[in-house]
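These are my notebook entries on a structure that I had not examined before. I set down what I looked up, one topic at a time.

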Amino acid sequence: MAVYTKLSDDYIKNILKNYSFKKVDRIEEISEGILNTNYFIEGDKGKFIFRILEGERDYTEEAKELEFLEYLNSNGFPCPTAIKNVSGENYEFIDGKMASVFTFIEGEKVKSINENNMKEIGRKLGKMHTLLKDRDITRNRKIDMQYFYDIISKSDLKGILKDDYDFIIKYYERASKVDYSNLPFGIIHNDIFPDNVFMQGGEISGIIDFNDCLRGPLILDLAIVISFWIRNRGFSDEVENQLTKVFLNAYETERKITKEEMELMDEALIRIALTFIFLRVNKFHVEDNSSVNMEFKNYKDLLPLLRYF
C-alpha cells in the first residue's frame with residue numbers, strides 16, 4: 001500500500017464528515033505495499049482504513065468487489081468491508097479516483113510460520129474459494145504473469161535483468177506453455193501474502209487487500225501460499241514438506257483439490273514466482289515512482305523460488 005495521492009489532513013477530515021465522523025484524532029500514511037494509496041484513520045467512530053484506488057480500473061468492477069466483501073463478511077469470513085457514507089454509498093470519487101473507508105482489522109500480521117498458522121490459512125482460503133465459486137470479477141490492471149511481462153518487455157529487459165535475464169526467460173518460456181483452462185476456476189485473492197493476513201489469539205482475525213482479486217484458476221492462490229508462506233522462509237526441505245502438507249490438508253477440509261490441480265502445482269508455483277518477479281521489475285525499474293512513498297521490494301529476493309524446478 002504505497003501513497004500516490006497526497007492529501008492534507010484537513011482534506012481527509014472533510015471527506016470523513018460524509019461518513020458521520022465528528023472527530024478525527026489520527027491520520028497516517030501507510031507506505032507498505034505498492035499498488036494503492038492507503039491512510040490509517042482513527043476518530044470518534046473507531047479505527048478505519050481510507051483507500052484510494054490507483055489502478056485506473058472500471059469503477060463498476062470495483063463496486064462488485066465491495067459487494068462480495070460484504071457477502072463474505074456476512075457468511076462468517078473475516079475480511080474488511082466498506083462502510084457507507086451519508087448518501088448510502090460505500091465509495092466516492094476524489095479527483096476521478098474511487099475511494100472507500102474500510103473497517104479496521106484488529107490483530108497482528110502473520111510473522112511466524114508454524115503448523116497452526118498454516119492450518120488457519122488453509123481453512124480460510126478453502127472457505128473463501130467455496131463461497132465465491134459462482135462469482136466473477138474482471139480487471140483492466142491485474143497481478144498476472146503475462147500482463148506484467150507484456151509491459152516490461154517493451155523496455156530494455158536485458159539491460160534491467162542483466163545476468164538474471166537468461167535464467168528468468170527460460171522459466172517464462174516454460175510457464176507460457178501451460179494450459180490451466182481445465183482446472184477449477186473462481187475468484188482468487190491473488191495477493192494472499194502473510195502481511196495481508198492478521199491473527200489474534202491463534203486464529204485469523206482478518207484477511208485484507210482484495211484489490212487484486214480476479215477470476216482465475218484456484219490453484220494460483222495455493223501457489224502463492226506455498227511460495228511466500230513456506231518456500232521463501234529458509235526452512236529445511238523436511239519442514240517445508242510438512243508445512244505444505246498441513247496447509248493442503250486444512251484447505252481440503254473446505255474444498256477438495258483435484259488430481260489435475262496437483263499435477264500442475266509445480267507449474268503454478270513457477271508462474272506465481274514469475275508474476276511477482278515481473279511485478280517488482282515493473283514497479284521499481286520501469287515505472288517512474290520516484291515521488292511516491294513506497295516500500296522498495298527487490299525482484300532478486302524472489303529468484304530462489306525458481307531454483308526448485
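This is a predicted model: local features need pLDDT of at least 70, side-chain atom pairs count only at pLDDT 80 or more; totals for chains, interfaces and linings use all residues.

**Entry 1: two loops.** I looked up lysine 162 and placed it in the loop between α5 (157-161) and α6 (165-175). Its phi is positive, at about 50 degrees, although lysine 162 is not a glycine.

I then turned to aspartate 95, which sits in the loop between β4 and β5. Aspartate 95 is not a glycine either, yet it has a positive phi, near 50 degrees. Its relative accessibility is 69%, so I counted aspartate 95 as exposed too.

**Entry 2: the sheet.** In what order do the strands of the open sheet lie? I read the order as β1-β2-β3-β5-β4, a sheet of 5 strands with antiparallel pairing. The edges are held by β1 (24-29) and β4 (92-94); each has a single partner strand, so one side of each has no neighbour in the sheet. From one strand to the next, I noted an average twist of 30 degrees.

I followed β1 to its partner: β1 and strand β2 (residues 37-43) run antiparallel and are joined by 5 bridges. Within this pair, valine 24 stands opposite glycine 43 in β2.

**Entry 3: helices on the sheet.** I found helix α1 (residues 9-16) packed on the sheet, where it touches β1, β2, β3 (46-52), β4 and β5 (97-103). The direction of α1 makes about 120 degrees with that of β1. Helix α2 (residues 59-74) lies across β3, β4 and β5, and I noted that it runs at about 10 degrees to β5.

**Entry 4: a pocket.** Which residues lie nearest the centre of the second largest pocket? I listed Phe193, Pro194, Asp195, Asn232 and Arg233, from a lining of 15 residues. By class, I recorded 9 charged, 5 nonpolar and 1 polar residues in that lining. The space in the second largest pocket comes to about 320 Å³.

Key: Residues are numbered from 1 along each chain as its sequence is written. Side-chain values use heavy atoms; hydrogens and water are left out. On a 1 Å grid over the protein atoms alone, a cavity is a set of points where a 1.4 Å probe fits but cannot get out, and a pocket is an open set with protein on both sides within 12 Å along at least five of seven lines; lining residues have an atom within 4 Å of a point. Grid points are joined across faces, edges and corners, and a volume is the space filled by probe spheres set on the points. Ala, Val, Leu, Ile, Met, Phe, Trp, Tyr, Cys and Pro count as nonpolar, Asp, Glu, Lys and Arg as charged, and the others, Gly among them, as polar. Two strands pair if DSSP finds at least two bridges between them. Helices (H or I, at least four residues) and strands (E, at least two) are DSSP runs, numbered from the N terminus. Axes are lines fitted to C-alpha atoms, for helices over the stretch in contact, and angles run from 0 to 180 degrees between N-to-C directions. Contact means heavy atoms within 4.5 Å. Buried means under 20% relative accessible area, exposed over 50%, partly exposed in between (1.4 Å probe, protein chains only).
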